[in-house]
Amino acid sequence: MRALRSMGPILAVLAVLLVLIALVNPFFLEPAGFLAFLKRAAPLVILAAGQYFVIVSGEFDLSVGSLVTVQVVVAARLIDGQEEATWPVLALLIVIGLLVGLANGVITTGLRVPSFITTLGMMLVLSGAVFLWTGGAPRGALSETFRMFGRRDLGPVPWSVLVLLAAGTAAILLMRSDFGKRLIATGDNERAAGLSGVRVDRTRIAAFVVSGLAAAVAGILLGGFAGVSAQVGQGLEFQAITAVVLGGVALGGGRGSVVAAMAGAFTLEALFTLLNLYGISGALEFAVQGVIIIAAVAASSVRLPFRRALRV
Amino acid sequence: MNRSITALVAGVSAMLLAAGCASDKPATSSAAPESSAAAPSTAASSNTGEQSKFFVQADYDAQLAMRSQEAEGPADKPWEQAIAPEMVDTAKYKKDGPYNLCFSNAAVNNPWRQVGWKTMQAEVALHKEIGKFTALDAEGKDDKQISDIAELVGKGCDALIVSPNTTATLTPAVTGACPKVPVIVFDRGVETDCPVTFINPIGGYAFGADGAEFLVEKVPAGGKVLALRILPGVDVLETRWSAAKVTFDQSQLDVVGVEFTDGDAAKTKSIVSDYIQRHGKIDGVWMDAGATAVAAVEAFEDAGVPVPAVVGEDQQDFLQKWKSGGLTAIAPTYPTYQWRTPIIAALKILKGEEVPKTWKLPQPKITSENLDTYLQPNMPPLHYALCGCEDLPDFPAAWGGK
C-alpha cells in the first residue's frame, strides 16, 4: 500500500505523457501502435529492472551498456547466419551476462572497490575487448530465430512484450521474497543488516548477477529488433539509471520499488517518443537525462557522504 | 523527496514540450545544425532547410557531368580506369625494384574501410616487385596520423600512400612529406596538390544526386520522402546530402523529414517507424549511406506497410533484401575498389610511367537491371559488392565469404 502511494507521482507523469503522445499521434491509441511502443520500450524496462536491484542495494552498474553491445556483437559473430547455432548462442549469452555480473559483484564486495569504479572499468574492458575482437566493425549476422524475440510477434502480441511481462513478473516476485527484503535492508543500512544476519556481500553479488542477466536479455531483444550494430548499447547504462531514478528509487539505496523503476523506464521512453514526434533533435535526449540525474542526486545528496563514513 | 523529483521532472518535461511547441511545426523537422527555423525554398513543398556550408557549386556541376563521361582504360577493371585524365610525367621517380611501399591508413573502424583494407592487402600480394609493405593505422585520430606520416617518411619508403582522416588537419603533414617521397593520396583529399596523384571515385555530389534523382523518377509528385543522414559536419556526407537537397528542392516531392541516425540501426528503425506512424505513408527513403538501409526497410515490414522506393548502398545485406523483397531501390556506390588503385599507381610511378594528376575512378550505381551481377549471396552481410576483389587471390574466404 505504501509502495503504491509512493508510486503515485511517477504514474501520474506517465499517464500525462501517454495522453500527450496520443494527442499528437492518434495511431498510438490503437493496439498495434501501443504494442509498437511497448516493443520499443521493452529492452530499457528490463534493463531498468536489473539496474534497480543494484541501485537499491546501494551500488551502481555502469557496465550494462557495453555488455549489451558485447552480447549483440558476439551473437552475430558466432551465429553467422546459421539457424542451428541460435539456441546454443542464446544460452552462451545468458552465461556471459551472469558471469560479468558475478565479476562485478565479486570485485566490488571482495576487493572493496566502489561499484562505480568497478563497473566503469568493466564497461571500458568490455568495449575494448569487443573492438579488439571485431577489428573495429562487427561481422557476421544474426539468424532469423534469434531475431524473432526482438522483432516478431506471437499471434497479436510481440515476443518482446511477452519477455517483458515475464521479466517484470520475475522481478516483482523476487523483490517480494526474502531476498528482496534482504536487498533493501542492505541498501538502507549495511551495518545494521549485516549485524542482523544478512549476508551483505552475497546479496550484493546476487544483485549484480541479476543486472548482468537483465543486460543479456535486453541485448537479445535489441539485437533482434535492429540487427547487428556496434553502437547498440551506447548510453544505455545512463538511460537505465535515469529510469530508475525517475521512478523514485533513491541513489544510495534502501528505498523504492521495482515497479516504480519499470514505470520510470516507460516514462523515459514515452518522453523520448514525444520529443521524437515533435521533431526535437536527438541530442536533447542526453540533456534531458542529465537534468533528471542531477536533480535526483541533488535531492538525495544528503545520504551519499554519510554512507561512505559508515562503511567500516 | 520522491514526489519532489517527479514534480521537477514533470516541470522540466512541460518546459521542453512548450519549447517544442514554439519551434518548427512537427512535420517539418530539419535537423541540420545550420538551418534556420523556417527556410522556405522557392521550389515546391520541400522543407529541407538551408544548403550545407560544404556545398561548392563548381564541384557539384563537375561531378554530375562526370557521371556520363566515358572512362579510359580496361572496362573489366574499373579500378584501373580514369575519367578525363590529365597525365603527369613521373620519370624522375623511376627506380629499380624491389620496392618498399608505405601506407598511412586513417582507420579500419568501419566495414567499408575493412573491406577496402583487405582488398588493398590482396592487391599487394599480387605484385612480386613489392618487397616490403608497411602500413600504420591511425585509429581514426588526426594527431596519430600526423605522427604516423612523419614516422613513415623516415623509414626509407619508395612511395607513400595516404588515406587522410580529415582534409584540413592532415594537409600540413602531407605537404611536409611530398618533397621527401612520392605521395599518393586516395579516398578523402587534402588541400594541396603536391601529391603525385589523388585517387578517388567521382564523389559525394554524384552519390547523393544518383539517389535523389531515382526517387524523383519513382515517386509521384507530392509524394512524401524521408531523408536519413548519419551525422552532420562530415564533408563526405555533407556533399551527398547537399546534392540530394538540390534535386529535391527542384522537384515536386515533399521532404517530410531530414533526420540524423548516428549510423545506428536501432535508432534508424525507431525514426522510420515514428515517421510511418506520423504520416501514415512514406513514399520514398533517401539515405546518405547504406549501413542502416536494411533497418529502414525492416521498419516498413514491421509496420505491415509496403516498402517504398529506397536508396541504399552496395552492402550485401541490402542487396540481398532488395532481391528477396523485390524492392524498388537503387544503390549508389563509393566503390571499395579504389583501395586497389593506389598500389597500382605507386608501382606505375616507381616504374616511371605516367599517371593522372587527379585519378577519377568510375562510380557505378547498382540498379534493378544490374543487381544480379553484383549480388553474391555467400558473402557476409557487411561486405561491399564493388570491392573489385573477385579476381584477387583467396577470394572469397579472405573477405569472410563461403
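## Basis of the description

Residues are numbered from 1 along each chain as its sequence is written, while chains are lettered from A and ligands numbered from 1 in the order in which they are written. Because the model is predicted, local features need pLDDT of at least 70 and side-chain atom pairs count only at pLDDT 80 or more, whereas totals for chains, interfaces and linings use all residues.

## Chain A as a whole

Chain A contains 14 helices and two strands, where helices (H or I, at least four residues) and strands (E, at least two) are DSSP runs numbered from the N terminus. Its C-alpha trace spans about 50 × 45 × 35 Å along the principal axes. For 312 residues a compact globule would have a radius of gyration near 20 Å, and the 19 Å of chain A agrees with this; the radius is taken over C-alpha atoms, and the globule rule is 2.2 Å times the number of residues to the power 0.38.

Of the 312 residues in chain A, 54% are buried, a term that requires 20 or more other C-beta atoms within 10 Å of a residue's own, with 12 or fewer counting as exposed, anything in between as partly exposed, and C-beta atoms placed from the backbone. Among contacts in chain A between residues at least 6 apart in sequence, 80% join residues at least 24 apart, a contact being two residues whose C-beta atoms, placed from the backbone, lie within 7 Å.

## Chain B and its domains

Chain B has twelve helices and 17 strands, and 53% of its 402 residues count as buried. Of its contacts between residues at least 6 apart in sequence, 72% join residues at least 24 apart.

The chain is divided into domain 1 (25-54 + 204-332) and domain 2 (69-202 + 335-363), with bounds that come from an automatic or database domain assignment. The C-alpha centres of domain 1 of chain B and domain 2 of chain B lie 33 Å apart.

## The largest nonpolar core

The largest nonpolar core holds 212 residues, of which A:Val45, A:Ala48, A:Ala49 and A:Ala261 touch the most other members. Helix H10 (residues 200-226) of chain A gives the largest share of this core, 18 residues. Domain 1 and domain 2 of chain B both give residues to this core, so it lies between them. Such a core is a set of buried Ala, Val, Leu, Ile, Met, Phe, Trp, Tyr and Cys residues joined through C-beta atoms within 7 Å. Leaving aside residues up to four places away in sequence, A:Val45 touches A:Leu164, A:Met262, A:Ala265 and A:Phe266.

Helix H6 (residues 144-151) of chain A has A:Phe146, A:Arg147, A:Phe149, A:Gly150 and A:Arg151 as buried residues. The buried residues of H6(A) pack against helix H3 (64-79), helix H4 (86-110), helix H7 (159-176) and H10 of chain A, together with helix H9 (293-303) of chain B.

## Strand E14 of chain B and its partners

Strand E14 (residues 329-332) of chain B is covered on both faces, with B:Ala329 and B:Ala331 buried on one side and B:Ile330 and B:Pro332 buried on the other. Strand E13 (residues 309-311) of chain B runs parallel to E14(B) and is joined to it by two bridges, with B:Val310 standing opposite B:Ala329; strands pair if DSSP finds at least two bridges between them. From E13(B) the chain crosses through helix H10 (residues 316-325) of chain B to E14(B) in a right-handed β-α-β crossover, which is to say that, with the strands pointing away from the viewer, the path from the first strand over the helix to the second runs clockwise.

E14(B) also pairs with strand E17 (residues 365-366) of chain B, in the antiparallel sense and over two bridges. There B:Ala331 has B:Ile366 as its bridge partner.

## Backbone features of chain B

Most residues other than glycine have a negative phi, and most peptide bonds are trans. A cis peptide bond, with omega about -10°, joins B:Gly97 and B:Pro98, and B:Pro98 is placed in the loop between strand E4 (87-88) and strand E5 (99-105) of chain B. Another cis peptide bond joins B:Phe395 and B:Pro396, with omega about 0°, and B:Pro396 is in the segment after helix H12 (371-374) of chain B.

B:Ala84, in the loop between strand E3 (82-83) and E4 of chain B, has a positive phi near 45°, and B:Ala84 counts as partly exposed because it has 14 C-beta neighbours inside 10 Å. B:Glu139, in the loop between strand E6 (130-137) and helix H4 (142-153) of chain B, has a positive phi near 55° and is partly exposed, with 16 other C-beta atoms within 10 Å.
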